[in-house]
Amino acid sequence: MGGKLDGLIADNVRAMLSGWGPTHKRYQWAKRIADHGGLIMEIACGWGGGNVPMMMEIDPQATVLMNDLGLVVLDEWRNHLAGERKWPNVGLAHFDATRCPLRSGSIDCVDSAGGIANIPGSNRAISEAYRVLKHGGKLFMSDIDLDPDSFRRLPVQVREDWKRSNDDPDAGSGYRRRLERAGFKILSLTTSSSTLDHRESTIAEIAAKHGQVMGVIGYTIEAVKE
Ligand SMILES: C[S@@+](CC[C@H](N)C(=O)[O-])C[C@H]1O[C@@H](n2cnc3c(N)ncnc32)[C@H](O)[C@@H]1O
């Protein structure tokens, strides 16, 4: 690989570490995950690595499996890790998070930072996260989802078509309901609401055709598999 992607991961890591110090909420969230310890899986780590760069700053010995379905992104992470010679207990795992090739009850902690929300069939990624966690294991999520109230205002057929096109029968029902359905107990959940401009997303454009404004909710959730 080469060209435009060279250095992108290093830039992302640097930006994250210089932007968010110990007093920042995101740092404290990453510390909560790192402090949980054990084997941590970062779902759909992408080019930013989710919370991994910050967790590793907090605990360079943390044991982390960075998952993604994209081979290119994992290859770039491999180059980055090899070049830096740091984070000795970080491994890379190329698989579909809706069908994890991992034993049930084998993971201590699952983290998603904009990961689950970006996976088609995310209901299955949530059930897989539940399955692979040990009892007492935790799911940490900082993800954005459609606001169930504004989703409900769309005509039934539009909602059904949206669920089908996203391969997700639970789309639009909000993460509290979705996680509880999968078996999780919610330990903490905070939200922030905003609305989408109809030019910035397909669902907002569809909503506008029906005279609605689509709301979204940013969730920060800690949940446990009891
Ligand atoms: C927007 S990024 C996620 C953000 C990321 N956590 C970060 O910090 O940059 C979306 C990622 O999801 C990955 N992805 C999509 N479907 C997936 C799946 N079924 N399993 C695992 N990863 C998937 C994509 O390859 C992409 O890297």
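## Ground rules

Residues are numbered from 1 along each chain as its sequence is written, and side-chain values use heavy atoms, with hydrogens and water left out. Because the model is predicted, local features need pLDDT of at least 70 and side-chain atom pairs count only at pLDDT 80 or more, while totals for chains, interfaces and linings use all residues.

Helices (H or I, at least four residues) and strands (E, at least two) are DSSP runs, numbered from the N terminus.

## Salt bridges

Side chains of opposite charge can pair when their charged atoms come close. A salt bridge here is a side-chain nitrogen of Lys or Arg within 4 Å of a carboxyl oxygen of Asp or Glu. The whole structure holds 18 salt bridges.

One of them joins R124 to D167, with the closest N and O atoms 3.0 Å apart. R124 sits in helix α5 (residues 122-132), and D167 sits in the loop between α7 (156-165) and α8 (175-182), so this pair ties together parts that are 43 residues apart in sequence. How accessible are the two partners? Relative accessible area sorts residues into buried (under 20%), exposed (over 50%) and partly exposed (in between), using a 1.4 Å probe and protein chains only. R124 is partly exposed at 34%. D167 is partly exposed at 39%.

R131 is partly exposed at 25%, whereas E128 is buried at 12%.

D170 pairs with R181, and their closest N and O atoms are 2.3 Å apart. D170 lies in the loop between α7 and α8 and R181 lies in helix α8, so the pair ties together parts that are 11 residues apart in sequence. D170 is buried at 14%. R181 is partly exposed at 48%. Elsewhere, R32, K138 and E222 are linked in a network of salt bridges.

## Nonpolar cores

A nonpolar core is a set of buried Ala, Val, Leu, Ile, Met, Phe, Trp, Tyr and Cys residues joined through side-chain atoms within 4.5 Å. The largest core has 26 residues. Which members touch the most others? They are M41, I43, V110, L139, L179, F184 and I221. The elements giving two or more residues to this core are β4 (107-113), α5, β5 (133-146), α8 and β7 (215-224).

Take L139. Contact means heavy atoms within 4.5 Å. Leaving aside neighbours within four places in sequence, L139 contacts V110, I116, A129, L133, L179, F184, I221, E222 and A223. A second, separate core has 25 residues, including M16, V52, M56 and L74.

## Where α1 meets α4

Helix α1 (residues 8-19) and helix α4 (residues 71-84) have axes that come within 9 Å and cross at roughly 70°. Axes are lines fitted to C-alpha atoms, for helices over the stretch in contact, and angles run from 0 to 180 degrees between N-to-C directions. The two helices are therefore roughly perpendicular, a label for angles of 65 to 115 degrees; under 35 is roughly parallel, over 145 roughly antiparallel and the rest oblique.

From α1, I9, A10 and V13 meet V73, E76, W77 and H80 of α4. The residues of this contact divide into 5 nonpolar, 1 polar and 1 charged. Ala, Val, Leu, Ile, Met, Phe, Trp, Tyr, Cys and Pro count as nonpolar, Asp, Glu, Lys and Arg as charged, and the others, Gly among them, as polar.
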